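Please look through the structure below with attention to its aromatic residues, its nonpolar cores and one of its helices. A short briefing follows.

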Amino acid sequence: MKKTILLSLASLPLFFSACEHESISTGLDFNITLDQSNTYYAGQPVRFNIEGDVDNIIFYSGEFGSEYQYRDRYQLSTDDVTSAKFSFRIQHRWGNDEPAAEIYMSNTFEGLSGNDGEADRATVAALYEAGMPGWTKIPYDDPGDTQNQYVTIDVDLKEANFLDNFSLAFHWDPPKGVPVENAETKTTRFDTYWIDNGNITIDFEGEFETTSISLASLIDVSVMMSDELDPYYKNDGNGSIRLNDSAHDIIFAGGQQYNEFAPNDSHIKHMDCEGWVFTAPISLNKISNDQATVIKNIQNALPYYEYTWTEPGTYEVVFVGSTADYLNSGSEVRAFTINILDTPVPGA
């Protein structure tokens with residue numbers, strides 16, 4: 001959306017004197033000047049006349065989010081993060097009364113390979129056997145296998161100092177070989193968990209918009225720990241981790257395994273459902289770099305360009321012209337400092 005900058009006629013000499021030529025490479029034939037008809041008031045367009053021959057031009061308005069000096073800035077200091085919260089909800093959907101899920105977070109984890117299942121399984125096994133060094137367990141008061149009972153969990157990541165590097169690990173470990181009596185058969189139950197609405201929200205100092213990152217977008221690798229399964233076994237109904245469900249971020253899909261009384265009537269294919277889901281490590285102080293507007297490409301002529309600022313202020317305006325052909329390529333910068341004034345009140 002375009003914005004407006006106002007300038008007084010008295011400040012015109014300042015505009016021209018502030019025009020800079022910062023050459024990245026030489027040889028481009030183009031120039032940009034301010035049109036003499038400009039009034040430099042907020043809400044009124046400012047015209048830039050374009051002369052010469054250049055293939056492409058991009059434009060930085062100097063407003064927040066479009067500043068040339070921040071074109072390569074992709075993160076802020078962690079001191080600029082005012083708030084970072086992770087929230088999700090979890091339901092122990094079915095299975096046994098005892099807890100069968102654990103949730104951890106880390107600010108040192110470097111991630112799994114995702115393409116060497118046996119190595120990833122060995123890494124996870126060693127990590128868990130060592131007591132999860134470098135990981136903090138997120139408290140979860142598991143109510144047992146009560147359907148439709150969600151527990152919401154909120155974690156303050158700034159207070160916990162998890163801004164530079166943040167990862168999550170969800171551990172699913174239903175008890176094995178525990179038969180449950182019912183009226184007709186003996187079965188072994190494997191617990192089901194639903195994890196929904198996972199989201200990280202991050203706020204920064206200044207005008208930056210709140211960043212929102214979904215848990216689903218961060219999920220990286222799932223690993224099943226049984227030697228009888230492929231380490232990356234998933235999305236195969238009961239007895240597997242399901243990550244392709246549109247209604248849930250993660251489903252640890254339990255079920256029941258019938259014993260010898262009904263050997264051919266089984267809801268799952270194996271007797272070991274232990275598995276893990278890891279998210280990719282992420283820095284929570286990352287932001288989008290400032291963006292330019294493409295105003296000219298090789299297919300269109302552009303004798304002038306108009307832009308309207310809506311707020312008074314001083315703006316560092318930058319045009320970057322570039323060209324490329326079979327002989328050479330290069331780009332050059334044309335910069336202006338423009339002062340925009342409040343729109344005058346009629347009769348004042």
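Phe166 is buried, with a relative accessible area of 1%; buried means under 20% relative accessible area, exposed over 50% and partly exposed in between, with a 1.4 Å probe and protein chains only. This is a predicted model, in which local features need pLDDT of at least 70 and side-chain atom pairs count only at pLDDT 80 or more, while totals for chains, interfaces and linings use all residues. Residues are numbered from 1 along each chain as its sequence is written, and side-chain values use heavy atoms, with hydrogens and water left out.

**Aromatic pairs**

- The whole structure holds 25 aromatic pairs (rings of Phe, Tyr and Trp, the last by its six-membered ring, with centres within 6.5 Å; planes under 30 degrees apart are stacked, over 60 edge-to-face and the rest tilted).
- Phe48 and Trp309 make an edge-to-face pair, 6.5 Å centre to centre with 70 degrees between the planes.
- This pair links distant parts of the chain, 261 residues apart: Phe48 is in strand β3 (residues 46-53), and Trp309 is in the loop between β20 (304-307) and β21 (313-324).
- Helices (H or I, at least four residues) and strands (E, at least two) are DSSP runs, numbered from the N terminus.
- Phe48 is buried at 0% relative accessible area, and Trp309 is buried at 0% relative accessibility.
- Phe162 and Phe166 also pair edge-to-face, at 6.3 Å centre to centre and 85 degrees between the planes; Phe162 is buried at 5% relative accessibility.
- One aromatic cluster includes Phe48, Phe59, Tyr305 and Trp309.

**Nonpolar cores**

- The largest nonpolar core has 44 residues, and Phe166 is among those that touch the most other members, as are Ile90 and Ile153 (a core is a set of buried Ala, Val, Leu, Ile, Met, Phe, Trp, Tyr and Cys residues joined through side-chain atoms within 4.5 Å).
- Elements that give two or more residues to this core include β5 (81-94), β12 (192-204) and α3 (215-218).
- Apart from this core lies another, of 23 residues, among them Tyr40 and Phe319.

**Helix α2**

- In α2, Gly117, Asp120, Arg121, Val124 and Leu127 are buried.
- These residues lie on the same side of α2, because they cover an arc of only 130 degrees around the axis (taken from the directions from the helix axis to the C-beta atoms).
- α2 is followed by Gly131, whose phi is positive, near 90 degrees.

**Whole chain**

- The chain has three helices and 22 strands.
- Of its 348 residues, 46% count as buried.
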